[in-house]
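Here's a quick walk through one model, from charges and overall dimensions down to a handful of individual residues. Have the viewer open as you read.

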Amino acid sequence: WEFNGSFHQPSAFLMLGIPGLEALHPWISIPFCALYLTALLGNCMILFIITKTQSLHEPMYYFLCMLALTDLGLALCTLPTTLGLFWFNLRSIGFDACLTQMYFIHILSFIESSVLLAMAFDRFIAISRPLRHPSILTKATVAKIGLAIVLRGMVSLLPIPFLLKRLTYCGKMELSHSFCFHPDIMNLACADIKVNVFYGMIILLSTVGMDFIFIVLSYILIIKTVISLATKEECLKALNTCVSHICAVLVFFIPMIGLSMIHRFGKNVPPLVNTLVAYTYLIIPPALNPIIYSIKSTHIREALLRALRRKSG
């Protein structure tokens, strides 16, 4: 403990793995390793293919690059502490290191949410204004959108670590996960956390909440546009371009909303459920997104096959 008057701040937190299954952590690490490896290799592959294939230098694939970079960041944020815990039982994480990890996890989550919104906007423009699509979403516009997304995440979350540092902590310093999460740290304080709760809720609703609402509105407009198309074949072709994005949205938002609800209202939820939802939220999307886009995107699949043929040749 570090003591300063009546202010108590822990030197470190203790992380938990999967409650009740601690003896099986080395075995449990095997699927986690597979997921992390899939996330790292898959997203690097997406970035490599799009960078090297001139025909993929379009707004849709630029946004996909942003998504892949964000997923790489999310995987790398949680990988050291998660595998360190499962392999070597390294449960301790320094207070400042924990706040740093938490800050980047939340920033990258907010960025992923915003990128998914930008991708929904891109699909709406491509379907409703196909001829004007290249002139509306130019390279410069896409770059500005990307910069705005990063700045929004960084600025909106900047006060969070400082709001946590001002609190007094006491009692058992055990986190619910093998990574640092804002509600988890906040609930360990024995001080008034109303400001933290209020600010966290406002930021979540004004960023991720608004992103989700606008994504839903985008798809309502997309469906409205698709219905007005002349033939059934045109409708299916237009909707087919959105399938990958819809899957990515569901894979990201469903566990995120579930975890937020558990942390705020699920006091009686079993710890195992809380842990599984948290891992689903942070590890599954980075691993699944490259697979989803590789399977559903003909252009990426063809570019990947061409790259494999060149290597084998």
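## Charges and surface

Let's start with charge: the protein chain carries 23 positive and 14 negative side chains, and the centres of those two sets sit 8 Å apart. Keep in mind that this is a predicted model.

As for the surface, the protein chain exposes about 15600 Å². Carbon and sulfur atoms supply 72% of that area.

## Overall build

In terms of secondary structure, the protein chain has twelve helices and four strands. Its C-alpha trace spans about 70 × 45 × 35 Å along the principal axes.

How does the radius of gyration of the protein chain sit against that of a compact globule? A compact globule with 313 residues would come out near 20 Å, and the protein chain has 21 Å, so the two agree. Buried residues make up 48% of the 313 residues. Take the contacts in the protein chain with a separation of 6 or more: 80% of them come from residues 24 or more positions apart.

## The nonpolar core

The largest nonpolar core has 87 residues, and Phe 13, Tyr 169 and Ile 185 are the ones with the most contacts inside it. Helix H3 (residues 95-128) gives the largest share of this core, with 17 residues. As background, nonpolar side chains tend to be buried together in soluble globular proteins.

Not counting residues up to four places away in sequence, Ile 185 touches Phe 13 and Tyr 169, along with Cys 98, Leu 99, Met 102, Leu 164, Leu 175 and Cys 180.

## Two residues in helix H2

Helix H2 covers 59-88, and both Pro 59 and Thr 82 belong to it. Is Pro 59 buried or exposed? Pro 59 counts as buried because its relative accessibility is 10%, and the cut-off for buried is under 20%. Setting aside residues up to four places away in sequence, Pro 59 touches Asp 122, His 133, Leu 137 and Val 142. Val 249 is 190 residues from Pro 59 along the chain, and their C-alpha atoms are separated by 18 Å.

Thr 82 has a relative accessibility of 0%, so Thr 82 counts as buried too. Which residues is Thr 82 in contact with, leaving aside its neighbours within four places in sequence? They are Phe 32, Tyr 36, Ser 178 and Tyr 279. Ser 29 is 53 residues away from Thr 82 in sequence, yet their C-alpha atoms are 8.6 Å apart in space.

## A loop residue with positive phi

Now for the loop between helix H2 (59-88) and strand E4 (92-94), where you'll find Asn 89. The phi of Asn 89 is near 55°, a positive value in a residue other than glycine.

Is Asn 89 buried or exposed? Asn 89 counts as exposed because its relative accessibility is 51%, and the cut-off for exposed is over 50%.

## A threonine in helix H8

Last stop: Thr 207, which sits in helix H8 (residues 194-227). With a relative accessibility of 4%, Thr 207 counts as buried.

What does Thr 207 touch, not counting residues up to four places away in sequence? Thr 207 touches Phe 110, Arg 152 and Ser 156.

Methods
Residues numbered from 1 in each chain as written. Heavy atoms only, no water. Core = buried A, V, L, I, M, F, W, Y, C linked by side-chain atoms within 4.5 Å. Buried < 20%, exposed > 50% of the residue type's maximum accessible area, 1.4 Å probe, protein only. Contact = heavy atoms within 4.5 Å. Rg over C-alpha atoms; globule rule 2.2 N^0.38 Å. Areas by Shrake-Rupley, 256 points an atom, 1.4 Å probe, with all protein chains shown as cover. Lys, Arg positive; Asp, Glu negative; His and termini not counted. Charge placed at Lys NZ, Arg CZ, Asp CG, Glu CD.
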